[in-house]
Amino acid sequence: MKMRAFQIKRRLATALRAALAVCAISVSGAAMIAPASALIEIDITQGTIEPMPIALPDFSPEGGDAQLARQLTEVISNNLRRSGLFRPLDPASFIEKNVSAQTTPRFGDWRTIGAQALVSGSVTRQPDGRLRAEFRLWDVFAGQQMLGQQFFTTPENWRRLGHIISDAIYERLTGEKGYFDTRIVFVDESGPKQKRVKRLAIMDQDGANLRYLTRGDELVLTPRFSPTTQEITYMAYTGADPSVFLLNIETGQREIVGNFPGMTFAPRFSPDGQRVIMSLQQGGNANIFTMDLRSRATTRLTNTPAIDTSPSFSPDGRQVVFESDRGGTQQLYVMGADGSNPQRISFGPGRYSTPVWSPRGDLIAFTKQNQGRFMIGVMRPDGSGERILTEGYHNEGPAWAPNGRVLTFFRDTPGPNGGPQVWTVDLTGYNEQRITTPAFGSDPAWSPLLD
């Protein structure tokens, strides 16, 4: 079989770099039908989406490790199912057994059970101890291969391999980047409700591989990922006043950005990762500032007697959305990145807060409170097209996945033993998923795709 190989360079977190070297190989040749042009695809621009039936038989364990092959297939299947765009078929319905990446499927068997797409794969342990995983994505009705790749990694990183394969399948069938090879940072909350210990924690987007980034000896709030690197900024109370820190996820190095006694909300990064934007309280009002992370020079953007807070850059860096009570109630405003020409964009009933611009630039997510209800919604940057995606007892703090299709947020549960939990919802509003964490979790933020 003729193969063309190319190396995928990936900067990894310290724990991964020593263990993972990924090589992807495009697979084609005379033994297989040539990759087709877009034959089947999911139209994700429509409001209601019927999930695509997709068959994911267990990867063939060509090195004898059947458990690992099943686990790898399970990660891929769960990722695609949780996206809401795919419906993995019950393996009990499969007619063809022992499907392998090295053979052409019997497409008639897969059409019979209603599969539109099929993933066949294999995983093998190499003599040097690495894993070699190969997969092929097939259009069942056309009987043609849509995608074929091969990867090498160390055994301990098999879960990340599953996320990378999931992203490849997602992108080929939707035309958009996936979001599975990502992580979510959040505030882990444990202990009695009136005396919660709060620690920064990070996990894969599906809740696996959780680890703690702080010890819990200081109050931590609102972590935010850099859009360009695996680095976060967050606010911590080491004493009476808050300090802002930068934490490098790869190295574990932490540096202080500054002490801000009047800080009202943790900073967010600019699109190039070189600046942060924040709100500082002075007397009875709060204004928005930017800080250059290299020079630590600050620039004031607003100067009003109101409370201006929760700023977020547009992905092109030209505009800023923020919340302000300058009109009498909490509403959303958009202004130039230099503070010019602020314009109100929210006009619905209730109060609007915590706006954050989509990575695609087409939408702004927000928290809305009205008549005792807490909602997560989106609107266009000009304020049109407002849609509520989900509501609950206390929903707050939306943050975007890097492809701009899914949001994470936290939802409080009532009662003396209640607390916040991390959830996701997609832009249709029909696909809510809870991410299970060991304790309570709040203030989630999504990483960019791992490099």
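User: In this predicted model, which strands form the open sheet, and in what order?

Analyst: Four strands form it, in the order β12-β13-β14-β15. Their pairing is antiparallel.

User: What makes β12 and β15 the edge strands?

Analyst: Each of them pairs on one side only. That holds for β12 (219-225) and for β15 (254-259).

User: How many degrees are neighbouring strands turned against each other?

Analyst: On average 25 degrees, with direction ignored.

User: How do you know that β13 and β14 pair?

Analyst: Two strands count as paired if there are at least two bridges between them. Strand β13 (residues 231-237) and strand β14 (residues 242-248) have seven bridges, in the antiparallel sense. So they pair, by the cut-off of at least two.

User: Which residue in β14 is the bridge partner of Thr233?

Analyst: Leu246 is the bridge partner of Thr233.

User: What holds strands of a sheet together in pairs?

Analyst: Strands pair through backbone hydrogen bonds, either parallel or antiparallel.

User: Is the crossing of α2 and α4 left-handed or right-handed?

Analyst: The crossing is right-handed.

User: Which residues meet where α2 packs on α4?

Analyst: In α2 they include Leu68, Leu72 and Ile76. In α4 they include Trp158, Arg159 and Ile165. By class, the contact has nine nonpolar, five polar and one charged residues.

Methods:
Residues numbered from 1 in each chain as written. Predicted model: local features only at pLDDT ≥ 70, side-chain atom pairs only at ≥ 80, totals over all residues. Heavy atoms only, no water. Left-handed = near helix turned anticlockwise from the far one by under 90°. Contact = heavy atoms within 4.5 Å. Nonpolar A, V, L, I, M, F, W, Y, C, P; charged D, E, K, R; others polar. Axes fitted to C-alpha atoms, helices over the stretch in contact; angles between N-to-C directions.
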